[in-house]
Amino acid sequence: MNSDIKLSIIVPYHNEIDEVIFPLFNSINNQIDINFNDIEIIVSNNCETPVPPKSLFDGTFPNIQSRIKYVTPIIKNISGASRQCGVDKSVGEYLMFCDDDDYLPTIDVLHHIIGIASQHKDIDVFRFYENIQNEDLSFRKVFSRDVLIHGKIFSSNFIKKNKITFSNTLDVAEDNYYCNHVFAYKPKILDYDKIIYVFRYNPNSVSRKLGDKFTLMCQKNICIGISDIMKKIMADENAPQEYAFRYLLRVLSETTLVENLSLHTAANLIFTYDPNFKWLNGKYSTTSGADAQSRVIPFVQKALLITAEESSKHND
């Protein structure tokens, strides 16, 4: 890892017009009390016919123009592949993810982020706050909980050591997949009460255009994603397997997309969306040829039992 670069900012780009991306890059360009050589901005265009944004290279943003890398992933039109391409090209000690239509809230955000990270080298994930813009253009302060990729920075060493990646196949909820993959590996976390990100209201976003259909797509991809992460963890002898399964099933049961589901029902959702579940066969199966409800591997069974007991104590 190149220690000269402190922070890599990954920005998926979708051939947006300059007016749309201006707030983000302007907010980075206007940062104070930092050495711009400490950062890199990786713009990853995942469109079928990528068109580089002119404003990034015409002197509009003089402080960061030389810090911008423009890349194109091999796999097109998949947000996860675009973000992963950015990660693969990064050399910074820490990773930060920004969408091209959002922005940084204040001119000292990166100064604080880099400073905090330099004081806590043992931390794997830093969680901050973000402002979410409402439809009436007002804002609400929201903690960057585990499933949100914005409002965080991630240790590149932790990401590489545990081979954490985005999905190259999921077209929505790819950020949820990545965060689940990260937190399943039990990172050391530091929470900090500072707003570092603004999530802008976009009336033309895919989620708002599709409405309830988008919600169902997310539910399906979350289930498929958790199945895939479980498979990877089972193949990793160094992974905190029991913790990971408990964490992933809890995430699935607590997400607002499938709220009020029991943990067993949440686990069975995975079978609904990923009925093959081939990696459960053989030594990890409890009963050969059994139906989905009894094909839960021992680790998951134990995790469900322990988590149910903890939930019962909490409710009491």
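**View A. The buried residues of helix 5 are Glu 174, Asn 176, Tyr 177, Tyr 178, Cys 179, Asn 180, His 181, Val 182 and Phe 183.** Buried means under 20% relative accessible area, exposed means over 50%, and partly exposed lies in between (1.4 Å probe, protein chains only). Helices (H or I, at least four residues) and strands (E, at least two) are DSSP runs, numbered from the N terminus. Because nine of the ten residues of helix 5 are buried, the helix is largely enclosed by the rest of the structure. This is a predicted model, in which local features need pLDDT of at least 70 and side-chain atom pairs count only at pLDDT 80 or more, while totals for chains, interfaces and linings use all residues. Residues are numbered from 1 along each chain as its sequence is written, and side-chain values use heavy atoms, with hydrogens and water left out.

**View B. Glu 174 and Arg 83 form a salt bridge.** A salt bridge is a side-chain nitrogen of Lys or Arg within 4 Å of a carboxyl oxygen of Asp or Glu. The closest N and O atoms of Glu 174 and Arg 83 are 3.3 Å apart. The pair links distant parts of the chain, with Glu 174 in helix 5 (residues 174–183) and Arg 83 in helix 2 (residues 79–89), 91 residues apart. Glu 174 counts as buried at 7% relative accessibility, and Arg 83 is buried with a relative accessible area of 4%. The structure holds ten salt bridges.

**View C. Arg 127 and Asp 191 form a salt bridge.** Their closest N and O atoms are 2.6 Å apart. Arg 127 lies in strand 5 and Asp 191 in strand 8 (residues 189–199), so the pair ties together parts that are 64 residues apart in sequence. Arg 127 is buried, with a relative accessible area of 13%, whereas Asp 191 counts as partly exposed at 40% relative accessibility.

**View D. Phe 97 and Tyr 178 form an aromatic pair.** Rings of Phe, Tyr and Trp (its six-membered ring) pair if their centres lie within 6.5 Å; planes under 30 degrees apart count as stacked, over 60 as edge-to-face and the rest as tilted. The structure holds twelve aromatic pairs. The pair of Phe 97 and Tyr 178 is edge-to-face, at 5.5 Å centre to centre with 70° between the planes. Phe 97 is in strand 4 and Tyr 178 in helix 5, 81 residues apart. Both Phe 97 and Tyr 178 are buried. One aromatic cluster is formed by Phe 97, Phe 154, Phe 166 and Tyr 178.

**View E. Phe 183 and Tyr 247 form a tilted aromatic pair.** Their ring centres are 6.4 Å apart and the planes are at 35°, so the pair is tilted. Phe 183 lies in helix 5 and Tyr 247 in helix 8 (residues 241–254), so the pair ties together parts that are 64 residues apart in sequence. Phe 183 is buried, with a relative accessible area of 2%, and Tyr 247 counts as buried at 11% relative accessibility.

**View F. Helix 1 (residues 18–29) has the buried residues Ile 21, Leu 24, Phe 25, Ser 27, Ile 28 and Asn 29.** What covers these buried residues includes strand 1 (7–13), strand 2 (39–45) and helix 3 (109–119), where contact means heavy atoms within 4.5 Å.
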